[in-house]
Amino acid sequence: MDAAGDNLVVTIKDDGCGFVTGLQNLTDEGHFGIMGMRERARRLGGELGIESTPGQGTVVSLSVPLDKTLSS
């Protein structure tokens, strides 16, 4: 976790099995997974980034603006 300018940036990285990007919007019935995470980030005025390669792991990055009223 880091503060970059006026944003809070969280990066999570693993060295797991990874996946083919572009297919992550497919959901099981009743589950929204990555699509839901992206929507929540947008509602906070932020962005969610995902980089993944099969067999090489995944990096998930979230950047959301800091609320200046909370930091004072």
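**Entry 1: Arg42 and its partners**

I looked up arginine 42 and found an exposed residue, with a relative accessible area of 53%. I keep in mind that this is a predicted model. Which residue does arginine 42 form a salt bridge with? I found glutamate 39, with the closest N and O atoms 3.5 Å apart. Glutamate 39 is partly exposed, at a relative accessible area of 33%. I checked the spacing next. Both residues sit in helix H1, 3 residues apart, so about one helical turn separates arginine 42 and glutamate 39.

Then I turned to arginine 43. Its side chain meets that of glutamate 39 in a salt bridge of 3.2 Å, N to O. Arginine 43 and glutamate 39 are 4 residues apart in H1, so again about one helical turn lies between them. An α-helix has 3.6 residues a turn, so residues three or four places apart point the same way. Arginine 43 counts as exposed because its relative accessibility is 67%, and the cut-off for exposed is over 50%. I noted that shared partners join Glu39, Arg42 and Arg43 into one salt-bridge network. How many salt bridges does the structure hold? I read 2.

**Entry 2: the rest of H1**

Helix H1 covers residues 33-43. I listed its buried residues: Ile34, Gly36, Arg38 and Ala41. What covers the buried residues of H1? The cover includes S3 and S4. After H1 comes glycine 45, and I read a positive phi for glycine 45, near 80°.

**Entry 3: the chain as a whole**

I stepped back to the order of elements. The protein chain has 2 helices and 4 strands. From the N terminus on, I read β-β-α-β-β-α. The protein chain has 72 residues, and 18% of them count as buried. Its accessible surface is about 5,600 Å². Carbon and sulfur atoms account for 55% of that surface. I also looked at contacts between residues at least 6 apart in sequence; 56% of these join residues at least 24 apart.

**Entry 4: the strands around S4**

I traced strand S4, residues 57-65. In which sense do S2 and S4 pair? The pairing of S2 (residues 7-14) with S4 is antiparallel, over 8 bridges. In this pairing, I found lysine 13 opposite valine 59.

Strand S3, residues 47-53, also runs antiparallel to S4, and 7 bridges join the two. I picked out glycine 49 and found serine 61 as its bridge partner in S4. S3 and S4 make a hairpin, with 3 residues between them. Glycine 55 lies in the turn, and I read a positive phi of about 85° for glycine 55.

**Entry 5: Thr58**

My last stop was threonine 58, in strand S4. Is threonine 58 buried or exposed? Threonine 58 is buried, because its relative accessible area is 10% and buried means under 20%.

I then listed what threonine 58 touches, leaving out residues up to four places away in sequence. The list is Ile12, Lys13, Asp14, Gly18, Phe19, Ile50, Glu51 and Ser52. With serine 52, the side chain of threonine 58 makes a polar contact of 2.8 Å. I also checked glycine 16. Glycine 16 is 42 residues from threonine 58 along the chain, and their C-alpha atoms are separated by 7.0 Å.

Conventions
Residues numbered from 1 in each chain as written. Predicted model: local features only at pLDDT ≥ 70, side-chain atom pairs only at ≥ 80, totals over all residues. Heavy atoms only, no water. Pairing = 2+ DSSP bridges. Buried < 20%, exposed > 50% of the residue type's maximum accessible area, 1.4 Å probe, protein only. Contact = heavy atoms within 4.5 Å. Areas by Shrake-Rupley, 256 points an atom, 1.4 Å probe, with all protein chains shown as cover. Salt bridge = Lys/Arg side-chain N within 4 Å of Asp/Glu carboxyl O. Polar contact = N/O pair within 3.5 Å; in protein donor to acceptor, adjacent residues only side chain to side chain.
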